[in-house]
Number of protein chains: 2
Amino acid sequence: MKRKVYVPGSRPDLQVPFAEVELTGDNPPVRLYDTSGPLNDPPAGLPALRAPWIAERGPVERTQLYYARQGVVTPEMEFVAIREGVAPELVRDEIAAGRAILPNNVNHPESEPMIIGSRFLVKVNANIGTSAVSSDVAEEVAKLTWATRWGADTVMDLSTGKHIHATREAIVRNSPVPIGTVPIYQALEKVGGDPVKLTWEAYRDTVIEQAEQGVDYMTVHAGVLLRYVPLTTERVTGIVSRGGSIMAAWCLAHHEENFLYTHFADLCEILARYDVAFSLGDGLRPGSIADANDQAQLAELKTLGELTKIAWEHDVQVMIEGPGHVPMHKIKENVDLQMEWCHEAPFYTLGPLTTDVAPAYDHITSAIGAAMIAMYGTAMLCYVTPKEHLGLPDRDDVKAGVIAYKIAAHAADLAKGHPGAQAWDDALSKARFEFRWEDQFNLAMDPDTARAYHDETLPAAPAKTAHFCSMCGPKFCSMRISQDLREYAAQGMREKSEEFAAAGNQVYLPLSTKV
Amino acid sequence: MKRKVYVPGSRPDLQVPFAEVELTGDNPPVRLYDTSGPLNDPPAGLPALRAPWIAERGPVERTQLYYARQGVVTPEMEFVAIREGVAPELVRDEIAAGRAILPNNVNHPESEPMIIGSRFLVKVNANIGTSAVSSDVAEEVAKLTWATRWGADTVMDLSTGKHIHATREAIVRNSPVPIGTVPIYQALEKVGGDPVKLTWEAYRDTVIEQAEQGVDYMTVHAGVLLRYVPLTTERVTGIVSRGGSIMAAWCLAHHEENFLYTHFADLCEILARYDVAFSLGDGLRPGSIADANDQAQLAELKTLGELTKIAWEHDVQVMIEGPGHVPMHKIKENVDLQMEWCHEAPFYTLGPLTTDVAPAYDHITSAIGAAMIAMYGTAMLCYVTPKEHLGLPDRDDVKAGVIAYKIAAHAADLAKGHPGAQAWDDALSKARFEFRWEDQFNLAMDPDTARAYHDETLPAAPAKTAHFCSMCGPKFCSMRISQDLREYAAQGMREKSEEFAAAGNQVYLPLSTKV
């Protein structure tokens, strides 16, 4: 059985959620990180968990980065420390150094604090949102709840088309995780869809509108500079970021520098007032293997590093978005350059996809790249669903994408030796070896599907206690033979010891010399 | 449209198959490696393609390793060279050095030659087979055809239970790819399922029976030595290889050395007569993250290196099986040790799974590890299906496993810079950028699913020529904007050049200095 438990912090209103899996026999329960939030079905808005913490800090808004730099451990930081199983001071120090962010708009008090940084568990973002072609508000809220149920650590609302404001309002009010957006999409709607008509003022007003609603981080394509645009014209796939292509079109049409770049300090002042974090967008990310790590991509990355410093001067938290499509042998270079040029600000990558040839399976082509890039230090992974390049993800695609990415993230946690990560694997493997089928299902990342697959070939209840499964059948089961062996070996050792004693304590020849 | 084409070799009966994808417009067709074999539906046995080549070599059987060492390029080697797009001498030299194998039992003349080695395309094996609990012969042959249709390079028949001989006969006679087996399974059936009753004679007769039928490579767990068995008793998951656990049980029960080890030279003599290759089994591979790269695993690996040398003395081709469950940071060490201790004999790994916590998704947990281990030099990957640990794979699982592994293999080909590998990605990405939807589907690893996913949201035929898709809709399409940009930039450059000329050839300020 899996149930939600809360671990109390230093104050009564600080209760940190975990999913606790109870096991059979005398096996201790396993506690897992939990993103699902309070039960909220049908969605009627979540309680404002953080409201008292925010109120206590008084009328002048400051960011978590500001407090961390002052040496303060906020309740949000303590919450995160309990969640991650680390010291609160580590959380504070990593935020203060800019190596981690704790995205939490003061107008989104419903969110459960979480942290994004390479010293912490690797996080996963799920994209949802309406488009001009399909989707409605209720469906998007359902996708949000579904995504966090399966482990999404943040959700980006990428809505375009009509009802952007209303969709976002419903999402923020019902989200236990930070919400990210790309404000340029809504700004573009406001000017009738023509990039050339965009203005700083229209954009600024949109950012304020979204910050007021409670958006926790915003993708800003401020690194798409006028002079970088020509670097993309010889690419196989040009510019594949929507925001990047919009800003590139604006720059070329006006022959002026990107207004997000020229107004970056103004933006910082707005974001600081709400503690909205920057997600500095990679508008020039590669859209194909051929374009990976090219001049355009790397030129923009360097600019994002400059902007990071400016944001930090304003106490605004920053993470850096990354590609995209990258063959495996170029992944490490990406992380190394990002770390160096962006001063270790957390990296947040889309995949990367490690090949272009498998549309309909890009959750897999990219889970490979995501696991690797996270192992090298990427802090958050933006999921890719099976529908990538083909259509909008439905409920099943959202789940497939989240699970593929939770796998990549956990594999990276293991590879990085995150304290406690392997306990989950060990508990499941022990259950597997001991034929505790129900424990194995309950510990699985997706218990429903694991149970269903097992039941397809051995549906009877007794099979769930059987000491074999349908793969080998009773005669060939290596696990069963191996358990017999363990007993046999223990027995054999005992007999040998007795022989040894009986033989007058001659030096005992262990099994290993008996060939 | 995808169609099969044949490229002729130096003799009329040497015709190498490829899948050729015709593209629209003046885009050149793309030729892809093809494993599907002759059309054979319903299965009525395949033509004996290699019969004349085998007959020409006379009554005394020799292995491809023997011929390679003599400096001979056999028709099989030439076939492989054309398939891989490399010089026949490279094929010959890699086989001669033991760094590659060309598994092809003289009694399986229906097979289309292929090569397994780190200098060549990474290969994928699919496991099929009946078990005591389920499956019938026709269904297994259908799985074989299905697996090779999606790209399986070899197929292992792991049948246990009844009808092992008949199942294998049907599979070999209908297989265009090499067939592997694990003879100990059938030998165990012959002695009533009790490992203790196994004998060298029963095993030997089984190997001869299978070699006579045409099995191309055999997994032999000759490295499970008596003294290694106690090394497994403290593991989280003991011994998880069926063959490994059977031999360990035999060793302990008799307190004698593994008869596969003591009779290894005898086995070599049998295998040499048919040119059956060894796949030296990793009976002590880790079955969990906790057990990865442990003493038991590494002790056995070293023994497999010793056995490799013995096999080579008998001109028998060898590959080495590898794990299993390995966290990402321990994968490279595995390959490095295998290369060193096994004298660069090709490595053939099951995954590895990079975490234990996602039963029902182990095609993904392991595709991550498979891509990485292949990048580091593994020559063939044994697939894992979504049913791993839970049940027997059905048709859908076989496809899911093969495709996840073809993705891993191709990602590794790209990372290794295999000549020609990226042409496929480039062709697909160019089609994507130019909104050639039909070309994109036809170039996809799985055209059916890619097309179906696209049609879910934009089913009308005009959508397939539309310059946008359901993800962004017409207004936000980055690809469309990006194409406009390309034209715009070209136009802008021209105008600037004209200005420059008009201004009397002053030094032109390129866009990049106009910030």
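B:Trp146 and B:Trp150 are both buried, where buried means under 20% relative accessible area, exposed over 50% and partly exposed in between, for a 1.4 Å probe and protein chains only. The model is predicted: local features need pLDDT of at least 70, side-chain atom pairs count only at pLDDT 80 or more, and totals for chains, interfaces and linings use all residues. Residues are numbered from 1 along each chain as its sequence is written, chains are lettered from A and ligands numbered from 1 in the order in which they are written, and side-chain values use heavy atoms, without hydrogens and water.

**Aromatic pairs**
- Over all chains, the whole structure holds 18 aromatic pairs; rings of Phe, Tyr and Trp (its six-membered ring) pair if their centres lie within 6.5 Å, and planes under 30 degrees apart count as stacked, over 60 as edge-to-face and the rest as tilted.
- One of them joins B:Trp146 to B:Trp150 edge-to-face, at 5.7 Å centre to centre with 85 degrees between the planes.
- In chain A, ring pairs link A:Trp200, A:Tyr203, A:Trp250 and A:Phe259 into a cluster.

**Nonpolar cores**
- The largest nonpolar core has 294 residues, and A:Tyr203, A:Phe278, B:Tyr203 and B:Phe278 have the most contacts inside it; such a core is a set of buried Ala, Val, Leu, Ile, Met, Phe, Trp, Tyr and Cys residues joined through side-chain atoms within 4.5 Å.
- Another core, of 12 residues, lies apart from it and includes A:Ala68, A:Ala81, A:Ile95 and A:Phe120.
- Beyond its neighbours within four places in sequence, B:Tyr203 is in contact (heavy atoms within 4.5 Å) with residues including B:Pro183, B:Thr219, B:Phe259 and B:Leu267.

**Barrel of chain A**
- In chain A, 8 strands close into a barrel with parallel pairing, in the order E6-E7-E8-E9-E10-E11-E12-E13; strands (E, at least two residues) and helices (H or I, at least four) are DSSP runs numbered from the N terminus, and two strands pair if DSSP finds at least two bridges between them.
- Strands E10 (residues 277-280) and E11 (residues 318-322) of chain A run parallel and are joined by 3 bridges.
- A:Phe278 has A:Val318 in E11(A) as its bridge partner.

**Relation of the chains**
- Chain B is superposed on chain A by a rotation of 180 degrees with 0.0 Å of shift along its axis (RMSD 0.0 Å), fitted by least squares on the C-alpha atoms of residues with pLDDT of at least 70 in both.
- The two copies are thus related as by a two-fold rotation axis.
- The copies meet through the same surface, because 100% of the interface residues of chain B are also interface residues in chain A.
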